[in-house]
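Take a walk through this protein with the model open beside you. We start with the whole chain and work down to single residues.

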Amino acid sequence: MTTMTNDSSGDVRLSGISKTYGAFTAVHPLDLTVPQGSFFALLGASGCGKTTTLRMIAGLEEPSSGTVFLGDQEVTNLPPYKRPVNTVFQSYALFPHLDIFENVAFGLRRRGIKSVKKQVEDMLELVQLGEQARKKPHQLSGGQQQRVAVARALINHPKVLLLDEPLGALDLKLRRQMQLELKRIQTEVGITFIHVTHDQEEAMTMADTVAVMNAGRVEQLGSPADLYENPNTTFVANFLGTSNLIEAAVDSKSGDDIVLQAGGGKLVLPQARCSAPTATGGKVLVGIRPEKISLTHADDAGEIPEGRNRITGKIADSSFIGVSTQYVIDSAVCPEFEVYSQNIDRDARLTPGADVVLHWSPAHTFGLDAAQD
Ligand code: ATP
């Protein structure tokens, strides 16, 4: 096993970093700290500025403003090869004429290190390619080639490994395996990984912290669970999974809760889960994830426990997918409400056309600013 030292001087700090191309701003001034030893993901749709941000950390792109620090060292003006970082790209860029051992050894040999055997073998062990050392890249699968690229990037013990859509060329099954594999490698070596991806599942599977980017800005930063449970913007609420959003008006306050009016009914929202202004009469978007909702046939509405948020609707569509059923509900407050229901004691009456009550705990409700774009 290869273990790298985990000193505390390796935080990556971006301070006011930005990038403009002529009149176009690809990255707006950005302040971001990536803690030493974390697995950090920059997540966003194509063109949101995540690769540009990564390239500014690598030194491959010159920032238009701001500074990049690695621990106490400012590296803003250092060329890439003088920064203690390395990058793995989607195209593995392995040397086709060299075998796997020599591909991994390359960085050591270039530094004039003669006895490379132990280090290369340890590194191949780390990425579980010890048996493949004498093969050429074309004799390996895509996932194996990607692991060679990771081993080659780690051999010189960078403080930070940057990964730019490294799994983008792999099929879905292999991508899922490699997500777990990269996470294991990161845990084992203990260095900072900064991973760029447009795939929310990938970011959430691997990263401790995710920065969701949109149009050159970080919209929200947090753990995967935090971003999913407590999105602060409609963009984050919709980019990470599915959210049902109901427009509601602030009615009153009750202890730590906000009481809202939506379509003639009342909904309760914990104040702590609301990122919108809550002046009485103001509009709030009330959000609820599809799997947090229970569905009860309207005839049994009297059995729903007190204290749950509830709205009424009619089943428009249902798809049985084994372990669960996905319903689309027509409701006056939300035209295509999605509900995912586990198929335990499934009520056979819940078919298209049935009148239903949707209900959920206020604790699973979040509130967004209805005025944001
Ligand atoms: P993708 O996932 O498609 O790579 P991204 O989020 O990584 O997207 P960037 O590559 O960072 O996006 O690009 C951000 C924006 O900056 C895009 O609109 C892109 O067209 C623009 N851009 C990037 N490089 C240049 C350049 N050299 N000249 C002009 N515009 C550029």
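Of the 373 residues in the protein, 40% are buried. Keep in mind that this is a predicted model. The C-alpha trace spans about 80 × 45 × 35 Å along its principal axes. Eight helices and 20 strands make up the list of elements. Now consider contacts between residues at least 6 apart in sequence. Of these, 66% join residues at least 24 apart.

Next, look at how the chain is divided. Domain 1 covers 12-237, and domain 2 covers 242-369. Their C-alpha centres lie 39 Å apart. Where the two meet, six residues of domain 1 are in contact with eight residues of domain 2. On the domain 1 side, the touching residues are two nonpolar and four polar, with no charged residue.

Turn now to the ligand. Which residues surround the ligand? They are Tyr21, Ala26, Gly44, Ser46, Gly47, Cys48, Gly49, Lys50, Thr51, Thr52 and His198. Sorted by class, this shell has seven polar residues, three nonpolar ones and one charged one. Helix H1, residues 50-58, gives the largest share of the shell, with three residues.

Move on to strand E6, residues 85-89. Four of its five residues are buried, so E6 is largely enclosed by the rest of the structure. Strand E7, residues 160-164, is a partner of E6. The two run parallel and share five bridges. In this pairing, phenylalanine 89 stands opposite aspartate 164 of E7.

Helix H2 spans residues 100-110. Which of its residues are buried? The answer is Ile100, Phe101, Asn103, Val104, Ala105 and Gly107. An α-helix has 3.6 residues a turn, so residues three or four places apart point the same way. Check the buried positions of H2 with that spacing in mind. Helix H3 (117-126) and helix H4 (142-154) are among the elements that cover the buried residues of H2. After H2 comes glycine 112, with a positive phi near 80 degrees.

Further along, find a hairpin. Strands E9 and E10 form it, with two residues between them. In the turn, alanine 215 has a positive phi of about 50 degrees. E9 holds residues 209-214 and E10 holds residues 217-222; the two run antiparallel, joined by five bridges. Valine 212 has glutamine 220 in E10 as its bridge partner.

Follow the order E13-E12-E11-E14-E20; the pairing is antiparallel. Which strands form the edges? They are E13 (265-270) and E20 (366-369), each of which pairs on one side only. From one strand to the next, the twist averages 45 degrees. Inside the sheet, E11 (residues 244-254) and E14 (residues 283-288) are antiparallel and joined by six bridges. Alanine 248 stands opposite valine 284 in E14. In a regular strand the side chains alternate between the two faces of the sheet. Trace a strand with that rule in mind.

Note on methods:
Residues are numbered from 1 along each chain as its sequence is written. This is a predicted model: local features need pLDDT of at least 70, side-chain atom pairs count only at pLDDT 80 or more; totals for chains, interfaces and linings use all residues. A residue is near a molecule or strand if its C-beta atom, placed from the backbone, lies within 6 Å of it. Ala, Val, Leu, Ile, Met, Phe, Trp, Tyr, Cys and Pro count as nonpolar, Asp, Glu, Lys and Arg as charged, and the others, Gly among them, as polar. A residue is buried if 20 or more other C-beta atoms lie within 10 Å of its own, exposed if 12 or fewer, and partly exposed in between; C-beta atoms are placed from the backbone. Two residues are in contact if their C-beta atoms, placed from the backbone, lie within 7 Å. Domain bounds come from an automatic or database domain assignment. Two strands pair if DSSP finds at least two bridges between them. Axes are lines fitted to C-alpha atoms, for helices over the stretch in contact, and angles run from 0 to 180 degrees between N-to-C directions.
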